[in-house]
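Biologist: I would like to learn how to read a sheet and a helix in a model. Please take me through them.

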Amino acid sequence: MLVHVPRVKDAFDRGTLAFGTVDAWLVYRLNGGVAANVFVSDPTNASRTMFVNLETLQYDEALLDFFGIRGKVHLPRIVPSSDATAYGVIASGALARVPIMGCLGDQSAALVGQKGFSPGMAKNTYGTGCFLLYNVGDKPVFSTHGLLATVAYHFGGKPVYALEGSIAVAGSGIKFLQNNLDFFQESKGVNDLAHSVEDNGGCVFVTPAFSGLFAPYWIDDAKGTIFGITQYTQKGHIARATLEATCFQTKAILDAMEKDSGHTLSELAVDGGMSNSDLAMQTQADLISIPVYRPKMRETTALGAAIAAGLAVGLWHNFAELRDINRSGGAVFAPQVPRQESAEKFGQWEKAVQMSRGWVGAQSAEKEDTDRPNNETYVPGKDYDLPVSKATQVLHSYLISDVAKSSTYPRAVKGSTHISVKEIEVPPLRVHTALGSVSGDLDDADEEDLFLELRKVEILQRLRKLRK
């Protein structure tokens with residue numbers, strides 16, 4: 001926007017630009033805009049800007065300097081996720097004068113809606129992509145196994161943190177079979193097709209790699225690949241392998257979460273469109289060897305926001321009072337196969353993941369290695385066909401403000417993101433930031449949203465490399 005929207009650039013230069021996540025905008029507008037000037041955000045949303053230190057839940061000066069916005073952009077005040085007054089009141093309409101008392105990011109709201117209030121509790125939302133949050137308690141856990149640290153919720157007192165893992169392709173893999181391969185007319189047809197065969201026939205379909213593999217692998221040069229096809233392979237085998245792919249990667253994320261947190265998961269709560277598939281949920285339970293719980297009412301994100309507001313108004317006074325909400329009528333999928341069999345299947349999946357590597361830019365990468373100047377650093381990246389400005393390299397400045405002034409920005413070129421060591425000076429501070437999940441409703445998520453998460457991870461890798 002600084003490059004392409006003159007009004008935004010002008011406000012930035014004059015120091016009158018305000019920036020926040022969508023919740024801050026909605027609350028601001030619901031309160032009547034400039035008249036009330038309620039400009040706030042909760043930690044689960046504010047941390048997704050990458051401007052927030054997770055340990056203090058305040059904007060971090062080192063991060064603001066890194067992005068070149070300290071003193072140049074107005075940011076929303078960070079307040080608890082559940083608060084009786086901080087979010088103001090609705091200014092007009094049928095709900096005029098009704099107070100706003102709860103605010104949570106979508107994935108955090110789903111965790112609250114599933115009542116994941118204790119360390120070791122987790123939820124997985126199977127939408128277009130797949131997003132798993134795992135409660136780690138009142139201290140952030142910074143992963144060494146490919147996961148992201150984030151804020152679960154802050155209801156006053158100590159904030160609660162989570163580990164997050166995301167899968168690029170879940171329900172969109174089913175859409176691929178429907179729209180690209182004409183396997184069935186409606187998404188629900190995947191279940192009938194998968195039930196037409198007894199198993200996957202030896203097929204492993206690494207569908208999450210359509211856009212590179214996300215957590216916990218972070219392989220950006222992987223592509224969707226099918227292994228194990230024979231002359232006997234049928235549509236049903238591929239349909240079943242597509243459902244299994246998300247379940248396999250979910251197991252990989254859960255294994256990483258248990259290693260990072262030291263907490264053992266006893267049950268996985270699920271929601272989202274793909275959770276409607278009994279076959280997929282039974283497969284998930286079989287692979288992770290613990291029960292999978294699917295509530296009858298699966299709009300857990302909305303329920304989580306309602307719980308936040310209810311706690312603020314005093315409708316509930318503690319988590320124990322919430323225990324039985326939305327538990328009636330749910331389904332529990334218990335493991336039905338031995339752990340050894342699950343381990344063997346997962347081993348085959350891990351082999352397929354490794355074989356899906358290297359499909360992007362393998363030949364060009366070798367050439368670029370010989371062409372790189374000695375004074376520059378390259379960070380693995382991915383070519384997302386970003387529009388190229390008149391300059392493709394930023395050799396002396398990394399600040400957003402300077403990028404806006406010069407109308408230049410670094411670009412991803414054939415598998416590498418090009419930056420210069422001279423660009424960034426990072427103070428030797430220990431800074432922890434949430435490297436987010438995708439924002440917005442999962443059913444409307446697209447690859448552009450998912451791509452942002454990879455970019456955030458690349459920035460963290462860049463910081464770590466420069467600190468060395």
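Biologist: In what order do the 7 strands of the open sheet lie?

Modeller: Strands of a sheet pair through backbone hydrogen bonds, either parallel or antiparallel. Here the order is E9-E10-E8-E7-E13-E14-E15, with mixed pairing. Helices (H or I, at least four residues) and strands (E, at least two) are DSSP runs, numbered from the N terminus, and two strands pair if DSSP finds at least two bridges between them. The model is predicted: local features need pLDDT of at least 70, side-chain atom pairs count only at pLDDT 80 or more, and totals for chains, interfaces and linings use all residues. Residues are numbered from 1 along each chain as its sequence is written, and side-chain values use heavy atoms, leaving out hydrogens and water.

Biologist: Which are the edge strands?

Modeller: Strand E9 (148-153) and strand E15 (331-333), each of which pairs on one side only. E15 pairs with strand E14 (residues 292-294) in the antiparallel sense, over 3 bridges. In that pairing, arginine 294 is opposite alanine 331 of E15.

Biologist: Now a helix. Which residues of H2 are buried?

Modeller: Buried means under 20% relative accessible area, exposed over 50%, partly exposed in between (1.4 Å probe, protein chains only). In helix H2 (residues 22-30), the buried ones are Asp23, Ala24, Val27 and Tyr28. They line one face of the helix, because seen down its axis they fall within an arc of 135°, taken from the directions from the helix axis to the C-beta atoms.

Biologist: Which exposed residues are on the face turned away?

Modeller: Val22 and Trp25. Just after H2, glycine 32 has a positive phi of about 100°.
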